Amino acid sequence: MTRVLLLGGTGDALRIARQLGPAHVYSLAGLGKVPDDLACAVRVGGFGGTEGMARYIEDERIGLVIDATHPYAAQISANAARAARLASVPCWALRRQGWQPQAGDAWRMVGNWTEMMDALATFTRPLFTLGREPLAHLDEIAPHQFWTIRCLDPHEGHARARILATRGPFTLEGERALFDAQAFDVVVSKNSGGAATEAKLEVARERGLPVVMLRRPELPAVDREFGSVAELLEALRLTG
């Protein structure tokens, strides 16, 4: 099989990594837990931008780059596509479908932090499920608001914020219990897609709560796109 450089950090990427043998490389930015039960090599840390990644691809004789990073990791995806072109190897990407609003949903789409804050101005107890970004804005919390921020990283918190350092998958029962305990009046989310964190949207729908949804960024064109892990693994198998 062609030597693969898998760019990951998501649950889907880990599923792919578990199917790779010792000749292949699973690359992580360094956030969260580093898996220690994989047959493939695990690389942690950046490459030094596009040129650095291209050098790594050439030096390590990588024959295929697979971008299985988070749908909002636009810079990494752009670097991967450009680096693969510089190194003259194909780049594949796992591009899972985003969530779609259903009957009973009240979504407001926003494009950036400023638009998000405008959308949240009248609410008092938002649940942020954006990752680390809200941690940089703790000193901007409006006096009438109390934030709950769910992310991977522990943080000392703030007088008007609670930090929940945890990772999915999240169950419907667990989300219902959290919503009961914290009395959220709005949910703030990226449109990540997938089942691992979808339960919060179902609970919001059940309770008639609005959702402020951050639009997905534009991602670069690649040689092949796949909508599921199964499709990608089958294509990888066929490459030999």
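**Sheet, helices and aromatic pairs**

Mentor: In this predicted model, six strands make an open sheet, ordered β3-β2-β1-β4-β5-β12, with parallel pairing.

Trainee: Which strands stand at the edges?

Mentor: β3 (41-44) and β12 (224-226). Each has a single partner strand, so one side of each is left without a neighbour in the sheet.

Trainee: And the twist from one strand to the next, what does that average?

Mentor: The average is 20°.

Trainee: How many bridges link β1 and β2?

Mentor: Three, in the parallel sense. β1 covers residues 4-7 and β2 covers residues 25-28. L5 has V25 in β2 as its bridge partner.

Trainee: Which strands does α2 touch?

Mentor: Helix α2 (residues 49-59) packs on the sheet and touches β1, β2, β3 and β4 (64-67). Its direction is at about 145° to that of β1.

Trainee: New topic. How many aromatic pairs does the structure hold?

Mentor: Six. One of them is F47 with Y56.

Trainee: Why is that pair edge-to-face?

Mentor: The ring planes of F47 and Y56 are at 65°, so the pair counts as edge-to-face. Edge-to-face needs over 60 degrees. The centres of the two rings are 5.2 Å apart.

Trainee: Are F47 and Y56 buried or exposed?

Mentor: F47 and Y56 are both buried. Y56 also has a charge over its ring: the charged end of R43 sits there, 5.0 Å from the centre.

Trainee: What lies over the face of W92?

Mentor: R224, at 5.2 Å from the ring centre.

Trainee: Back to aromatic pairs. How are W113 and W147 arranged?

Mentor: W113 and W147 are edge-to-face, 6.1 Å centre to centre, with 65° between the planes.

Trainee: What does that pair tie together?

Mentor: W113 lies in helix α4 (residues 113-119) and W147 in strand β8, so the pair ties together parts 34 residues apart in sequence. Both W113 and W147 are buried.

Trainee: Last one, α6. Which of its residues are buried?

Mentor: Helix α6 spans residues 199-207, and its buried residues are A199, K200, L201, V203 and A204.

Trainee: What do they pack against?

Mentor: Strands β6 (107-110), β7 (126-129), β8 (147-151), β10 (186-190) and β11 (211-214), plus helix α5 (172-182).

Trainee: And what happens just after α6?

Mentor: G208 takes a positive phi there, of about 70°.

Terms used: Residues numbered from 1 in each chain as written. Predicted model: local features only at pLDDT ≥ 70, side-chain atom pairs only at ≥ 80, totals over all residues. Heavy atoms only, no water. Buried < 20%, exposed > 50% of the residue type's maximum accessible area, 1.4 Å probe, protein only. Helix = DSSP H or I, 4+ residues; strand = E, 2+ residues; numbered from the N terminus. Contact = heavy atoms within 4.5 Å. Phe/Tyr/Trp six-rings, centres within 6.5 Å; stacked < 30°, edge-to-face > 60°. Lys NZ or Arg CZ within 6 Å of the ring centre and 35° of its normal. Pairing = 2+ DSSP bridges. Axes fitted to C-alpha atoms, helices over the stretch in contact; angles between N-to-C directions.
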